[in-house]
Number of protein chains: 2
Amino acid sequence: MTTLQLFSPSGVIPQPAQVRLAAQRLKSLGFEVHIDEAALKRCQRFAGDDDIRLAAIHRVAHAAPSVAMATRGGYGLTRLLDRIEWKRLSRSVEQGTRWVGYSDFTALHLGLLAHSGATSWAGPTAMEDFGRPVERGGPDDVTVSCFTEAMSGTLEAVGFRTDTGFDGLGLRGTLWGGNLTMLNSLLGTPHFPKVRQGILFLEDVNEHPYRVERQLLQLLQAGVLQQQRAILLGHFSDWRPSPLDRGFTMKTVWSHLRSQLRVPVLTGLPFGHVPTRVTLPVGARVSLFVQGREAFVQW
Amino acid sequence: MTTLQLFSPSGVIPQPAQVRLAAQRLKSLGFEVHIDEAALKRCQRFAGDDDIRLAAIHRVAHAAPSVAMATRGGYGLTRLLDRIEWKRLSRSVEQGTRWVGYSDFTALHLGLLAHSGATSWAGPTAMEDFGRPVERGGPDDVTVSCFTEAMSGTLEAVGFRTDTGFDGLGLRGTLWGGNLTMLNSLLGTPHFPKVRQGILFLEDVNEHPYRVERQLLQLLQAGVLQQQRAILLGHFSDWRPSPLDRGFTMKTVWSHLRSQLRVPVLTGLPFGHVPTRVTLPVGARVSLFVQGREAFVQW
C-alpha cells in the first residue's frame with residue numbers, strides 16, 4: 001500500500017476544493033491519501049502560523065508515509081528553517097518516505113541535503129498539479145506518469161532535448177538544485193548544501209533575465225558554479241520584458257554565463273513553474289549523458 | 001574648486017537630455033562638472049559593454065575628482081565586481097574622492113568597504129535626482145541640500161522621526177548597507193563586507209513584503225543581523241499587494257524581524273527609491289542616538 005500525506009509547509013490554500021480534488025485524483029492513481037489536519041489552516045498568507053506549519057512537518061515525518069507531498073509552494077519555509085529537526089526528516093527518509101514538492105519547497109530539499117545528506121524529490125504539488133481544474137486542462141500527463149513511476153521506483157531516468165554541442169557528454173555527480181531564488185536565499189546560511197562535483201538544476205518564475213543573471217553571478221562569485229560538473233537549466237517563465245532591455249534576453253544570460261564558466265550549461269530540462277514537470281531525486285548520485293541533442297539524467 | 005565627474009557603471013541612459021540637465025543643475029550648485037566620455041554609451045540594457053563600464057570606473061578613479069557620481073542605477077555592477085581594481089578606488093578616496101550613488105551602486109559601496117575599508121557615499125544619482133524634469137517636481141530640496149553639505153564636509157548628521165520606544169538610545173558603530181537586494185546579492189561572495197558592531201541601513205523597491213522578509217531572514221540565518229548594533233530601515237516602496245496577503249504587510253515583516261532579533265530595528269530613515277534621500281557615509285564610524293522620537297545619525 002502506497003500511503004501519501006498532503007501537508008502545507010508554506011502558503012495558504014485559497015480554495016480547499018482544489019486540495020480535495022487533488023486527493024481524489026491521487027487516490028484514483030492508487031495512493032492511499034491522507035490530508036494532514038493542518039493542511040487547510042490560514043494565518044495571513046501562510047497555511048497556519050509558524051508553529052502550526054512546523055508541527056505539520058514533524059507530524060508527517062513521524063508518520064513516515066511513502067510519499068509526503070506539499071499542497072503548494074508560496075512563501076513560508078524560510079521562517080522554519082532554523083527550527084526544523086532535520087534528523088526527524090532524515091529518519092523518515094530512511095523509513096522510505098519520499099518528500100515531494102517544488103518552488104518554496106526547494107528550501108526543504110536543500111536544507112535536508114545540507115543537514116543530513118538525505119534524498120528528497122523535486123516534483124509536483126497537490127494544488128498546482130493534481131488540483132488543476134479541468135477547465136485549465138487538468139493535471140499534465142507527463143507530470144503525472146513521471147511522478148507515479150518515480151514514487152514506485154520504476155522510473156530510472158528522464159530525457160529531454162537540449163542544445164547542440166554536447167553530443168557524447170557523459171558524467172556523474174550529485175543532483176541538486178531547484179528554484180534559483182530559493183537556492184540563493186540559502187547562501188551564507190547553514191542550510192546551503194556544500195555540493196562539489198554536482199549536477200545543479202535550476203528554474204525560476206516571474207524573474208526578469210537581469211535578476212536571473214545577478215543570481216547566477218552570485219553563485220559564480222561565491223564559487224558554487226565552478227565546483228559543479230554540469231548546470232541544467234529548466235524553465236524561466238512568466239517574466240515581463242522592459243523597454244530598457246534593448247535585446248537583453250534570457251539567451252543573453254545563458255551566453256554570458258557560458259562565457260564566464262567552463263562547466264557545461266545545458267538548457268531544456270522540463271522542470272519549472274510550467275505544467276510539464278519531471279520528478280527528480282535531489283541529493284541522489286546520477287549520471288548525465290547526451291546523445292546528439294537528447295540528454296538523459298539517470299539514477 | 002569642487003570637481004564632479006558623472007559616469008555610468010550600470011544601466012543605459014535612455015534620455016541623454018536628463019544627464020545634461022543634471023550636469024547643468026550641478027554646475028549651478030557650484031560643482032565643476034565633467035561627463036565621462038562613456039557615460040552615454042549603449043549596449044543592450046547597459047551603459048556600454050562590461051569593458052567600457054569597467055574602464056570608466058578606473059578612469060574616474062585615476063582622475064580622482066572631488067565627487068564621482070553615478071548617472072543612475074539599474075543593473076550592471078554585478079558583472080564587474082570580480083574585475084574592479086579596488087586599490088585604485090581606495091587610492092582615489094585617499095586623494096579625497098567621494099563616490100556617490102544608490103541602488104545598483106550599493107555593490108560598489110560594499111565591495112569597496114569589503115576590499116579596502118574605504119568610505120563612500122550613499123546618496124543621489126544624476127539622472128534620478130538632478131535630472132528629474134520640472135514636470136515631475138524637479139530635484140528634491142532636501143536631497144540637494146543634504147548632498148551639497150555632505151560633499152563640502154559641512155554636514156555632520158542627519159535626523160529623522162522614528163518609532164516610539166527608542167528614547168535615550170545611544171550607540172556607535174560602522175554605518176553600512178544600502179539596497180537590500182543588492183546587499184544580499186553579495187552574500188557568500190568575497191565582496192560582502194564583514195562588519196561587526198555595525199549600524200546597518202536598508203531600503204528596497206518593487207519588492208513584496210514576503211520577499212523583503214525572506215531576504216532579512218537570510219541575513220539573520222547567515223548571522224549578519226545579530227552582529228549589528230542597530231538596523232535602520234528606509235523606504236520599501238512601490239510593491240503591489242496580492243489577494244493572498246490577507247493582512248500580511250511590511251509592518252508584519254518588521255514585527256516578525258523584531259521577534260527574532262534583539263538588536264534595535266528603527267524605521268523612518270529618509271533613504272530609498274523616493275525623491276527625498278539623505279546622503280550617508282558608507283563605511284564611516286557614526287553615532288546613532290534617539291531623543292523622544294527623533295533619531296540622529298552623526299559622523
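I take contact to mean heavy atoms within 4.5 Å. The model is predicted: local features need pLDDT of at least 70, side-chain atom pairs count only at pLDDT 80 or more, and totals for chains, interfaces and linings use all residues. Residues are numbered from 1 along each chain as its sequence is written, chains are lettered from A and ligands numbered from 1 in the order in which they are written, and side-chain values use heavy atoms, with hydrogens and water left out.

**Entry 1. Y210(A)**

I looked up Y210(A) and placed it in helix α8 of chain A, residues 209-221; helices are DSSP runs of H or I of at least four residues and strands runs of E of at least two, numbered from the N terminus. Setting aside neighbours within four places in sequence, I found Y210(A) in contact with F248(A), R45(B) and Y75(B). Y210(A) counts as buried because its relative accessibility is 19%; buried means under 20% relative accessible area, exposed over 50%, and partly exposed in between, with a 1.4 Å probe and protein chains only. I noted also that the C-alpha atoms of Y210(A) and L288(A), 78 residues apart along the chain, are separated by 28 Å.

**Entry 2. The two copies**

I then compared the chains. Chain B is superposed on chain A by a rotation of 180° with 0.0 Å of shift along its axis, at an RMSD of 0.0 Å. The two copies are therefore related as by a two-fold rotation axis. In chain B, G188(B) has the C-alpha nearest the axis, 2.5 Å from it. The superposition is by least squares on the C-alpha atoms of residues with pLDDT of at least 70 in both copies. Of the interface residues of chain B, 100% are also interface residues in chain A, so the copies meet through the same surface.

**Entry 3. Helices α8(B) and α9(B)**

I examined α8 (residues 209-221) and α9 (residues 250-260) of chain B, whose axes come within 9 Å and cross at roughly 15°. This makes α8(B) roughly parallel to α9(B), a term for angles under 35 degrees. The axes are lines fitted to C-alpha atoms, for helices over the stretch in contact, and angles run from 0 to 180 degrees between N-to-C directions. From α8(B), P209(B), V212(B), E213(B), L216(B), L217(B) and L220(B) meet M250(B), V253(B), W254(B), H256(B), L257(B) and Q260(B) of α9(B). I sorted the residues of this contact into 9 nonpolar, 2 polar and 1 charged.

**Entry 4. Positive phi in chain B**

Most residues other than glycine have a negative phi. I recorded a positive phi near 55° for Q197(B), in the loop between α7 (180-184) and β8 (198-205). Q197(B) counts as partly exposed, at 48% relative accessibility. D238(B) likewise has a positive phi, of about 60°, and is found in the loop between β9 (228-237) and α9. At 55% relative accessibility, D238(B) counts as exposed.

**Entry 5. Two buried residues**

I located V224(B) in the loop between α8 and β9 of chain B, where V224(B) is buried at 8% relative accessibility. Beyond four places in sequence, V224(B) is in contact with W176(B), L187(B), F192(B) and L219(B). I placed S120(A) in strand β5 (residues 120-122) of chain A, and S120(A) is buried, with a relative accessible area of 0%. Its contacts beyond four places in sequence are W99(A), H109(A), L112(A), L280(A), P281(A) and V282(A).

Methods. Angles under 35 degrees count as roughly parallel, over 145 as roughly antiparallel, 65 to 115 as roughly perpendicular and the rest as oblique. Ala, Val, Leu, Ile, Met, Phe, Trp, Tyr, Cys and Pro count as nonpolar, Asp, Glu, Lys and Arg as charged, and the others, Gly among them, as polar.
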